[in-house]
Amino acid sequence: MLDADFFRRWMTATAAAVDREAERLTALDSPIGDADHGSNLQRGFNAVTAAVEKESPQTPGAVLMLAGRQLISTVGGASGPLYGTLLRRTGKALGEAGEVSEDQFAQALRAGVDAVMALGGAAPGDKTMIDALVPAVDALGDGFTAARAAAEEGALATTPLQARKGRASYLGERSIGHQDPGATSSALLIAGLVEANGE
Amino acid sequence: MKMLINVAESVVTDALRGMAAAHPELVVDVEKRVIVRRDAPVEGKVALVSGGGSGHEPLHGGFVGPGMLSAACPGEVFTSPVPDQMVRAAAAVDSGAGVLFIVKNYTGDVLNFDMAAELAEDEGIQVAKVLVNDDVAVTDSLYTAGRRGTGATLFVEKIAGAAADEGQPLERVEAIGRQVNENSRSFGVALSACTTPAKGSPTFDLPPGELELGIGIHGEPGRERRAMMTSGEIADFAVGAILEDMPPRNPVLVLVNGMGGTPLLELYGFNAEVQRVLAERGVNVAHTLVGNYVTSLDMAGASVTLCQVDEELLRLWNAPVKTPGLRWGM
């Protein structure tokens with residue numbers, strides 16, 4: 001079973017990964033975006049860990065709802081509403097339980113990913129964060145490590161795609177040949193689950 | 001790249017502190033990042049709120065004042081502001097007549113303003129929105145995020161601002177804003193990439209002797225790269241792209257806009273070529289504006305925006321305005 005502590009560790013691990021990889025995320029965002037993905041997410045996840053520490057939410061759902069609200073209030077751009085909605089909707093789907101099973105979490109995360117697709121209008125193959133998140137949710141039944149591998153593979157697989165959503169879509173065919181920064185940061189988020197689980 | 005800054009993290013905050021010191025007629029909340037007319041809310045009048053990433057100055061904060069915006073929300077450099085800023089701005093300027101959000105069509109701006117509109121309505125503020133999407137370099141289809149909002153934002157903010165200043169109701173101010181956007185088209189070129197403070201080096205690599213055609217305002221590369229062209233050739237290409245998309249029936253307002261790193265000397269020379277092409281194509285020019293209005297940090301280059309105007313839009317365009325970035329008639 002996964003408790004509120006697990007979800008706090010997930011946010012801390014993700015914040016650390018974003019800190020570590022910020023320069024790479026910004027570098028990926030330069031040729032097909034506007035060179036700020038790393039710094040924007042850094043600002044957001046730093047706010048998340050600060051708020052989680054200060055308010056110390058007691059249920060898995062409350063941790064993710066708080067984290068989502070922080071991202072919406074601090075990140076800006078498209079990433080703020082999209083990542084914020086992902087965590088808020090996942091948290092909402094977890095309800096008020098003090099502990100949730102891995103299956104319940106997988107279902108909740110699927111609801112979160114569905115909400116991101118509805119908000120941003122992206123589908124798999126559009127070269128967005130969805131290309132890492134959907135395979136990760138599909139693999140979550142086989143454990144966190146499998147989900148991490150699926151997300152990383154999904155992020156790498158965005159390289160040959162032509163972007164159809166987000167700022168990279170303005171480039172048309174010139175977006176081909178670059179790995180999507182949003183899919184890459186989504187893979188970091190999923191990798192944080194493995195770390196939070198102490199695997 | 002050398003920059004006149006302290007540290008990259010404080011660029012926006014430092015600029016807002018300086019803006020507050022230079023413009024006592026504005027209330028600049030440096031911490032919450034909202035710029036408001038000091039006399040807001042103006043009784044009985046619709047209020048206009050816009051915002052977007054920083055790095056496009058004077059857009060949007062420089063267009064706050066009588067006859068134009070009531071408030072602006074600056075985000076981080078090239079990053080849309082957050083809903084909290086827009087709700088705060090709407091609450092500060094709403095007189096009860098409602099608030100019009102003017103939103104440039106970028107995924108981030110649209111999502112954050114949509115969330116803000118919902119939150120503001122929950123607080124009892126009537127909100128309408130106008131989306132600006134004038135950039136002909138982007139194909140508007142299901143397979144893109146749609147056309148970007150660029151130079152036409154200035155026309156929408158000025159003309160809708162004048163309508164609000166006259167006391168026209170929210171649905172009318174909104175309709176005028178939409179009409180301006182639908183009758184505006186832009187095309188931009190870059191001679192150099194821009195450098196964001198966070199990255200410290202140019203956002204894309206543009207060799208000497210080449211230019212980018214069809215750029216946006218966020219340092220993103222354009223659709224096509226070519227060998228460097230003359231000012232006249234660029235004017236032929238840019239105005240041609242606009243007229244192909246929108247053959248004007250009415251006279252046009254012309255904005256020859258610098259991207260931030262091109263001297264006015266070159267912009268005026270470019271304007272001469274733009275006017276030549278318009279004359280050759282039989283387009284009547286009602287009014288022309290030349291300068292740096294919707295910029296992209298230190299990018300060298302320019303954009304052309306044409307806005308078709310009927311008598312009412314032209315009257316509203318000519319109405320008095322008093323903002324840091326645009327000022328006439330008062």
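Two strands pair if DSSP finds at least two bridges between them. Strands here are DSSP runs of E, at least two residues long, and helices are runs of H or I, at least four, numbered from the N terminus.

Quick housekeeping. This is a predicted model: local features need pLDDT of at least 70, side-chain atom pairs count only at pLDDT 80 or more, and totals for chains, interfaces and linings use all residues. Residues are numbered from 1 along each chain as its sequence is written, and chains are lettered from A, ligands numbered from 1, in the order in which they are written.

Chain B, then. Start with its open sheet. Six strands, in the order β9-β8-β7-β12-β10-β11, with mixed pairing. What are the edge strands? They are β9 (224–227) and β11 (285–291) of chain B, and each pairs on one side only. On average, neighbouring strands are turned by 20° against each other, direction ignored.

Look inside that sheet. β7 (184–190) and β12 (301–308) of chain B run antiparallel, with seven bridges. One residue pair to find on screen: Ser186(B) has Thr305(B) in β12(B) as its bridge partner. Contact means C-beta atoms, placed from the backbone, within 7 Å. Angles run from 0 to 180 degrees between N-to-C directions, and axes are lines fitted to C-alpha atoms, for helices over the stretch in contact.

Next, β3 (47–54) of chain B. Buried or exposed? Eight of its eight residues are buried. Buried means 20 or more other C-beta atoms within 10 Å of the residue's own; exposed means 12 or fewer; partly exposed is in between; C-beta atoms are placed from the backbone. β3(B) joins β5 (99–104) of chain B through four bridges, in parallel. There, Ser50(B) has Ile102(B) as its partner. β3(B) also pairs with β4(B), again parallel, over five bridges. Val49(B) stands opposite Ala71(B) in β4(B).

On to the interface. 32 residues of chain B are in contact with 28 of chain A. On the chain B side, α3(B) gives the most, with five residues.

Last stop, chain A. Helices α6 (130–139) and α8 (181–196) pack at about 35°, axes 7 Å apart. From α6(A), the residues include Leu133(A) and Ala136(A); from α8(A), they include Ala187(A) and Ile190(A). By class, the contact has six nonpolar, one polar and one charged residues. Nonpolar covers Ala, Val, Leu, Ile, Met, Phe, Trp, Tyr, Cys and Pro; charged covers Asp, Glu, Lys and Arg; the others, Gly among them, are polar.

Terms used
Two residues are in contact if their C-beta atoms, placed from the backbone, lie within 7 Å.
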